[in-house]
Amino acid sequence: AETSEEELLALIDRLNKSPAVHGILVQLPLPGHLNSDLVINSIDPAKDVDGFHISNVGLLGTGQKAMVPCTPLGCLMMLRDHLGSLSGLNAVVVGRSNIVGKPMAQLLLGDSCTVTIAHSRTKDLASVCRGADILVAAVGRPEMIPGDWVKPGATVIDVGINRIERDGKT
């Protein structure tokens, strides 16, 4: 919170130039006085271990080799391990964040899934979810997708991290 944008950008520049540094990760969200896009895009794309730099996002979107955000990549690895080929499966990603939702959709497209990106404003979200062979929930809202929105046999991954209170416990 006490770091200026100028100081942070100077640090990233030093890390970019250092041959001893192989990867840079900026923990998000940043304090409000810092421009996240400017900070992320100041990282050398080859050292951008989060895969958030616009160059890595573009490479992923066009199916080229890129640094890929770890959570979506981990989800893809679990899906491949559990299901084998994903080709032709109907995948629904609920969430459109740059951190999970959009890259998850890109990775699933790359594995030849038919992909729908849905979100809190999707009309008849329940119906969209019920059609999924693969359902990835990345909404940031607890209990948004109830069990009756999931078709039998579907594979579900919930990447949300939420704190909920029940009976006085968090």
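A residue counts as buried here when its relative accessible area is under 20%. By that criterion, 33% of the 170 residues of the protein are buried. Keep in mind as you look around that this is a predicted model.

Let's start with the overall layout. The C-alpha atoms fill a box of roughly 50 × 45 × 25 Å along the principal axes. The protein has 6 helices and 4 strands, and from the N terminus on these elements run α-α-α-α-β-α-β-α-β-β. Among contacts between residues at least 6 apart in sequence, 52% join residues at least 24 apart.

An unreviewed entry lists residues 2-50 as "domain: Tetrahydrofolate dehydrogenase/cyclohydrolase catalytic". This span is 39% helix and 0% strand, and its end C-alpha atoms lie 24 Å apart. The annotation "domain: Tetrahydrofolate dehydrogenase/cyclohydrolase NAD(P)-binding", also from an unreviewed entry, covers residues 69-168. Here the make-up is 30% helix and 18% strand, with 35 Å between the end C-alpha atoms.

Helix H3 spans residues 54-61 and holds Leu 59. Leu 59 counts as partly exposed because its relative accessibility is 27%. Beyond its neighbours within four places in sequence, Leu 59 is in contact with Gln 64, Lys 65 and Ala 66.

Now turn to the sheet. Its 4 strands form an open sheet in the order E2-E1-E3-E4, with parallel pairing. The edges are strand E2 (114-118) and strand E4 (155-158), each of which pairs on one side only. From one strand to the next, the twist averages 15°. E1 and E2 run parallel and are joined by 5 bridges; at one place along them, Val 92 stands opposite Thr 116 in E2.

Helices pack against this sheet. H4 lies across E3 and E4, running at about 160° to E4. H5 also packs on the sheet, where it touches E1, E2 and E3, and its direction makes about 170° with that of E1.

What sits in the interior? In soluble globular proteins, nonpolar side chains tend to be buried together. The largest nonpolar core in this model has 16 residues, and those with the most contacts inside it are Leu 79, Leu 86, Met 104, Leu 108 and Ile 134. Helix H4 (70-83), strand E1 (90-94), helix H5 (101-110) and strand E3 (134-137) each supply at least two residues of this core. H5 gives the most, with 4 residues. For a close look, select Ile 134: apart from its neighbours within four places in sequence, its contacts include Leu 79, Leu 83, Leu 86, Val 92, Cys 113 and Thr 155. A second, separate core of 10 residues includes Val 92, Ala 118, Ala 126 and Cys 129.

Asp 111 lies in the loop between H5 and E2. Is Asp 111 buried or exposed? Its relative accessible area is 18%, so Asp 111 is buried, the cut-off being under 20%. Which side chain does the side chain of Asp 111 meet in a polar contact? The partner is the side chain of Arg 80, at 2.7 Å. Leaving aside neighbours within four places in sequence, Asp 111 is in contact with Leu 76, Arg 80, Leu 86 and Ser 87. Leu 86 is also among the residues with the most contacts inside the largest nonpolar core.

Technical notes
Residues are numbered from 1 along each chain as its sequence is written. This is a predicted model: local features need pLDDT of at least 70, side-chain atom pairs count only at pLDDT 80 or more; totals for chains, interfaces and linings use all residues. Side-chain values use heavy atoms; hydrogens and water are left out. A nonpolar core is a set of buried Ala, Val, Leu, Ile, Met, Phe, Trp, Tyr and Cys residues joined through side-chain atoms within 4.5 Å. Buried means under 20% relative accessible area, exposed over 50%, partly exposed in between (1.4 Å probe, protein chains only). Contact means heavy atoms within 4.5 Å. UniProt positions are given in the numbering used here, feature names are shortened, and annotations may be inferred rather than shown by experiment. Two strands pair if DSSP finds at least two bridges between them. Axes are lines fitted to C-alpha atoms, for helices over the stretch in contact, and angles run from 0 to 180 degrees between N-to-C directions. A polar contact is a pair of N or O atoms within 3.5 Å; within protein, one must be able to donate a hydrogen and the other to accept it, and residues adjacent in sequence count only if both atoms are side-chain atoms.
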